[in-house]
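My entries follow in the order I made them.

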Amino acid sequence: MENIVLIGYMGCGKSSTASALSKKSGLSVLDTDAAIAAHMGMSITDIFERYGEERFRSEETELLKRLVREGFRGILSAGGGTPLREENRGLLRQLGTVVWLTAEPATIADRLKYDSSRPLLAGASGREERISRIRNMLDQREAAYAAAAMRRIATDGLDVNAVAEQILGSFSA
Ligand code: S3P
């Protein structure tokens with residue numbers, strides 16, 4: 001089984017799909033956010049607050065380079081903003097088949113309703129404001145995701161097992 005790299009906006013189900021894929025395929029999962037938080041010994045929110053987004057983005061790039069160097073094997077669940085840097089898009093494609101998970105802004109807003117761990121969505125008050133902030137960010141990011149992706153799956157209305165089956169099915173097709 002080849003490596004699978006999951007990309008997409010926050011709340012599109014990358015982490016939960018990665019663990020469903022892991023159960024079905026036996027491959028292990030590496031989550032870039034978790035790896036960076038462990039490496040720096042602090043939460044993603046604290047990294048953004050203390051060092052800023054650019055520093056976090058550089059940590060993402062360093063991590064991807066290291067994984068390429070070390071010949072990573074498994075499923076990679078990338079942070080929602082990882083494909084924004086062109087360099088990262090190349091690294092992600094070197095690491096495996098890049099699958100882009102998408103969802104409608106309203107679906108994402110509802111999935112992240114009680115989540116306070118995403119610094120880029122902090123401070124949005126109310127559902128409508130959250131949806132419009134998500135829509136703006138998706139518009140800005142669409143081209144970067146599309147440039148990194150080799151496959152694309154719309155997750156609205158699908159549970160993680162169905163998403164994982166679609167991904168695995170696309171390999172055997
Ligand atoms: C981010 C997404 C987050 C995390 C950080 C920034 C983004 O990852 O890397 O909060 O820019 O979209 P998830 O997509 O896993 O939430």
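**Entry 1: helix 2 and helix 3.** I found helix 2 and helix 3 oblique to each other, a class for angles that are not under 35 degrees (roughly parallel), over 145 (roughly antiparallel) or 65 to 115 (roughly perpendicular). Their axes cross at roughly 60 degrees and come within 9 Å. I took axes as lines fitted to C-alpha atoms, for helices over the stretch in contact, with angles from 0 to 180 degrees between N-to-C directions. The crossing is left-handed, that is, the near helix is turned anticlockwise from the far one by less than a right angle.

I then listed the contact, meaning heavy atoms within 4.5 Å. Asp-33, Ile-36, Ala-37 and Met-40 of helix 2 meet Ile-44, Ile-47 and Tyr-51 of helix 3. These residues divide into six nonpolar, no polar and one charged. Ala, Val, Leu, Ile, Met, Phe, Trp, Tyr, Cys and Pro count as nonpolar, Asp, Glu, Lys and Arg as charged, and the others, Gly among them, as polar.

**Basis.** This is a predicted model, in which local features need pLDDT of at least 70 and side-chain atom pairs pLDDT 80 or more, while totals for chains, interfaces and linings use all residues. Residues are numbered from 1 along each chain as its sequence is written, and side-chain values use heavy atoms, without hydrogens and water. Helices (H or I, at least four residues) and strands (E, at least two) are DSSP runs numbered from the N terminus.

**Entry 2: helix 3 and helix 4.** I read an angle of about 125 degrees here, with the axes 7 Å apart. That makes helix 3 oblique to helix 4. Ile-44, Ile-47, Phe-48 and Tyr-51 in helix 3 meet Glu-53, Arg-55, Phe-56 and Arg-57 in helix 4. This contact divides into five nonpolar, no polar and three charged residues.

**Entry 3: helix 4.** I noted that helix 4 covers residues 53-69. Its buried residues (under 20% relative accessible area, 1.4 Å probe, protein chains only) include Phe-56, Arg-57, Leu-63 and Leu-67. The buried residues pack against elements including strand 2 (29-31), helix 5 (86-95) and helix 7 (127-148). Gly-71, which follows helix 4, has a positive phi near 65 degrees.

**Entry 4: Ile-7.** I placed Ile-7 in strand 1 (residues 4-7). Ile-7 counts as buried because its relative accessibility is 0%. Beyond neighbours within four places in sequence, its contacts include Lys-14, Pro-83, Trp-100 and Tyr-145. Ile-7 and Gly-81 are 74 residues apart in sequence, and their C-alpha atoms are 8.6 Å apart.

Definitions and conventions:
The expected span of a helix is 1.5 Å times one less than its number of residues. Buried means under 20% relative accessible area, exposed over 50%, partly exposed in between (1.4 Å probe, protein chains only).
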